[in-house]
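The sequence and the structure come first.

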Amino acid sequence: MSTILIKNGEIFTGVEHFRGSILVKDGKIEFVSKETLSEDLAEEIIDAKGFPVFPGGIDPHVHMHLPTAAGYSADDFYSASKAALSGGTTTLIDFVTPQKGQSLQEALSERKKEAENALTDFSFHMSLVEWRDSLPDEIKAIKEEEGISSFKVYMAYKDTVGLGDEDLRKVLKAVADAGGMVTVHAEIGDEITALRKKFLAEGKTAPEFHPLSRPDWVEAQAVEKIIDFAREAECPLYIVHVSTEASLKYIIQAQKQNQKLYAETCPQYLLLDDDKYQGRFEETAPFVLSPPLRKKSNNKALWLALNEETIVSLGTDHCPFNRIQKEAGKNDFTKIANGIGGVEHRLTLLYTYGVLEGKLTMNEFVNLVSTNPAKIFGLYPQKGSIAVGSDADLVIWNPDKENTISVNNHVSNSNLEAYEGFETRGAPKYVFLRGQITVENGKLTNHKLKGEFLKRS
Ligand code: URP
Ligand code: ZN
Ligand code: ZN
């Protein structure tokens, strides 16, 4: 394996910024220095003058090859990880979703096979879709033996993977006892079911009724409830895809009381809004995702929440579909395949609309896209860090590279693009995964390096 010297970079971590050099050897960071290092140390030298250098992105919320009633989501681990790398994300945390009755271990083994063609490193959150008495032991074993330390629960989707209140409490207790963390999709499933039924009975079948069937209070009530349950169980909690201002007050309140509670949002909730549901089916169905897009005022509140560190992590909930899968709900919005993509755009969107617009510093940017997810999910300092001994997952960022996002130039397999027409500035010049250059000027250059399954603490 070659030794690479990255010199003259503007090095950013979650807390620091300095001009310096990074020596990469055998996949790890061998040396970091504010001094100029001797070029004799390296076989390859990259001059990063004027370019920010930061740890590779970690997207803590993605769904690859997700089975749904409308077929699998459009990206498998290969296509999505290629998209991720091209945008500067080197680690993905996806999900294992066991069948009812299936052991956690068996479901994990199956999912690992599906991820064999990933080009990024990866881990999984383990979804807990039912209660059974063997679960506490299974949770402990999967955590200790496989390094799966986060466990996902759904308060929505109660006809498939969602849990009722009693099971939620039991799961929180079991995960707390195992020393793990619960991650939660917070929307009150029963309220959604009732609203969907009502709209369909009234002949209201268009995509515009999707957000109306999942109003912001449905999320906020769920957030309030699960925070209470987690506090009672003394279980660390991570709330995924917070989409609305209405949820924030409960999160802030609990954080003020020192509850171990982390919140995530996604680019779509910062940059898109419910105007997308006005128009013809073809225009609106692509924006059916859950939680839905909200009124514009929520975008502003969420940016502020990032700034104030109420929300500390940016995932994408990458789950794109193809147009034909959205059309499955032509006569019934509840049958539209749920989700959008974004894994390749996460960094450039946050950089363009956050850093360049003065809403975030570069350190906050690094924390949101890399260091905080690494810390929260037990990957730090192997990932999310520029320090001696860390994996050399690095992004050398061209701050001047401009792009207009389009379905015609994105990497994802999907023939839909939620951020169509968004102008961006800033993109990876080089992306390193474990010391090897995988992407140069947005193009995958290394097709041989395989992603590795990461055991987390
Ligand atoms: O619409 C979405 N987000 N689909 C993926 C599943 C989920 O709820 O995260
Ligand atoms: Zn969700
Ligand atoms: Zn999700």
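## Second largest cavity

The lining of the second largest cavity comprises 4 nonpolar, no polar and 4 charged residues (Ala, Val, Leu, Ile, Met, Phe, Trp, Tyr, Cys and Pro count as nonpolar, Asp, Glu, Lys and Arg as charged, and the others, Gly among them, as polar). These residues are Phe281, Glu282, Ala285, Pro286, Arg323, Lys326, Glu327 and Leu416. Helix H10 (281-284) and helix H12 (323-326) each give two or more residues to this lining (helices are DSSP runs of H or I, at least four residues, and strands runs of E, at least two, numbered from the N terminus). The second largest cavity holds about 40 Å³ of space.

On a 1 Å grid over the protein atoms alone, a cavity is a set of points where a 1.4 Å probe fits but cannot get out, and a pocket is an open set with protein on both sides within 12 Å along at least five of seven lines; lining residues have an atom within 4 Å of a point. Grid points are joined across faces, edges and corners, and a volume is the space filled by probe spheres set on the points.

## Basis

This is a predicted model, in which local features need pLDDT of at least 70 and side-chain atom pairs pLDDT 80 or more, while totals for chains, interfaces and linings use all residues. Residues are numbered from 1 along each chain as its sequence is written, chains are lettered from A and ligands numbered from 1 in the order in which they are written, and side-chain values use heavy atoms, without hydrogens and water.

## Second largest pocket

The second largest pocket has a volume of about 570 Å³. Of its 25 lining residues, Ser86, Asn403, Asn409, Val411 and Gly442 are the closest to its centre. S15 contributes the most to this lining, with 5 residues.
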